[in-house]
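This briefing goes through one protein model by topic. Please keep the sequence and the coordinates open while reading.

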Amino acid sequence: MAIRNIIQLGDPTLRKKSFDVVDFGEKTHQLLDDMRDTLIKANGAGLAAPQVGVLRRIFIVLVDGKYYECINPTIISQSGSQTGEEGCLSVRGKFGTVKRPYKVVVKAFDRYNKPFTVEAEGFLARAFCHENDHLDGVIYVDKATDIQED
């Protein structure tokens, strides 16, 4: 396992659409392990593969001690609304206010290509939406109002 470099806003990789994962083998497992180590070291809530320079539809979320690995995720439903502050490991030193759904249902695959569905509310739903946006080249600053320096 290794700590990967988190690329920053301005790197063109962050603006590209990621490709579906088709190989669930050792390379994908290594990426997930490295992403987890990187996320923990950075003290973040989520990390998407494009943030470490890999254009694959993978993100991880670590909220309230619960860890999620999502491969080829799809938000299949959303409801409600919440507005709150967001930051990003790829946009250091800034935060902004973003409106997101209060509840989402996400369908994804785990590292062994087994499908699963997760229902998320509140901050967890926000984290899933934020990371899922990265897979389409969207960064929270594209949706944020009132962007401020830390």
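Helix 1 is followed by asparagine 43, which has a positive phi, near 60 degrees. The model is a predicted one.

**Helix 1**

- The 17 residues of helix 1 should span 24 Å at 1.5 Å a residue, and the end C-alpha atoms are 24 Å apart, which agrees.
- The buried residues in helix 1 are Thr28, His29, Leu31, Leu32, Asp34, Met35, Thr38 and Leu39.
- An α-helix has 3.6 residues a turn, so residues three or four places apart point the same way.
- The packing partners of the buried residues of helix 1 are strand 1, strand 2 and strand 3 (66–79).

- Valine 21 sits in the segment before helix 1, and it counts as buried because its relative accessibility is 6%, under the 20% cut-off.
- Leaving out residues up to four places away in sequence, valine 21 touches Thr28, Arg56, Arg57, Ile58, Ile71 and Asn72.
- Asparagine 72 belongs to strand 3 and, at 14% relative accessibility, also counts as buried.
- A polar atom of the asparagine 72 side chain lies 2.8 Å from the backbone nitrogen of valine 21.
- With residues up to four places away in sequence again left out, asparagine 72 touches Asp20, Val21, Phe24, Arg57, Lys107, Ala108 and Phe109.
- Phenylalanine 109 is 88 residues from valine 21 along the chain, while the C-alpha atoms of the two are separated by 9.7 Å.

**Salt bridges**

- The structure holds 13 salt bridges.
- One of them pairs lysine 17 with aspartate 136, with 3.0 Å between the closest N and O atoms.
- This pair links distant parts of the chain, 119 residues apart: lysine 17 is in the segment before helix 1 (26–42), and aspartate 136 is in the loop between helix 2 (122–134) and strand 8 (145–149).
- Lysine 17 is exposed, with a relative accessible area of 55%, whereas aspartate 136 is partly exposed at 32%.
- Aspartate 136 also forms a salt bridge with arginine 57, where the closest N and O atoms are 3.1 Å apart.
- Here the two partners are 79 residues apart, with aspartate 136 in the loop between helix 2 and strand 8 and arginine 57 in the loop between strand 1 and strand 2.
- Arginine 57 forms a salt bridge with aspartate 20 as well, the closest N and O atoms being 4.0 Å apart.
- Arginine 57 lies in the loop between strand 1 (46–48) and strand 2 (58–63) and aspartate 20 in the segment before helix 1, so this pair ties together parts that are 37 residues apart in sequence.
- Arginine 57 counts as buried at 10% relative accessibility, while aspartate 20, at 48%, counts as partly exposed.
- Through shared partners, salt bridges join Glu86, Arg100, Arg126, Asp133 and Lys143 into one network.

**Nonpolar cores**

- In soluble globular proteins, nonpolar side chains tend to be buried together.
- The largest nonpolar core has 17 residues, and those with the most contacts inside it are Phe59, Val61, Tyr68, Val104, Leu124 and Phe128.
- Two or more residues of this core come from each of strand 2, strand 3, strand 6 (103–109), strand 7 (115–121) and helix 2.
- Helix 2 gives the largest share of this core, five residues.
- Valine 61 touches Ala45, Gly46, Lys66, Tyr67, Tyr68, Leu124, Ala127, Phe128 and Glu131, not counting residues up to four places away in sequence.
- A second, separate core has 15 residues, among them Leu32, Ala49, Ile60 and Ile71.

**Cysteines**

- Zero disulfides are found in a search of the whole structure.
- Cysteine 70 is in no disulfide, and the nearest cysteine sulfur to its own, that of cysteine 129, is 11 Å away.
- The relative accessible area of cysteine 70 is 0%, so cysteine 70 is buried.
- For cysteine 88, the closest cysteine sulfur is also in cysteine 129, at 14 Å, which is too far for a bond.
- Cysteine 88 is buried, with a relative accessible area of 12%.

How values were computed. Residues numbered from 1 in each chain as written. Predicted model: local features only at pLDDT ≥ 70, side-chain atom pairs only at ≥ 80, totals over all residues. Heavy atoms only, no water. Salt bridge = Lys/Arg side-chain N within 4 Å of Asp/Glu carboxyl O. Helix = DSSP H or I, 4+ residues; strand = E, 2+ residues; numbered from the N terminus. Buried < 20%, exposed > 50% of the residue type's maximum accessible area, 1.4 Å probe, protein only. Expected span 1.5 Å × (residues − 1). Contact = heavy atoms within 4.5 Å. Polar contact = N/O pair within 3.5 Å; in protein donor to acceptor, adjacent residues only side chain to side chain. Core = buried A, V, L, I, M, F, W, Y, C linked by side-chain atoms within 4.5 Å. Disulfide = S-S within 2.5 Å.
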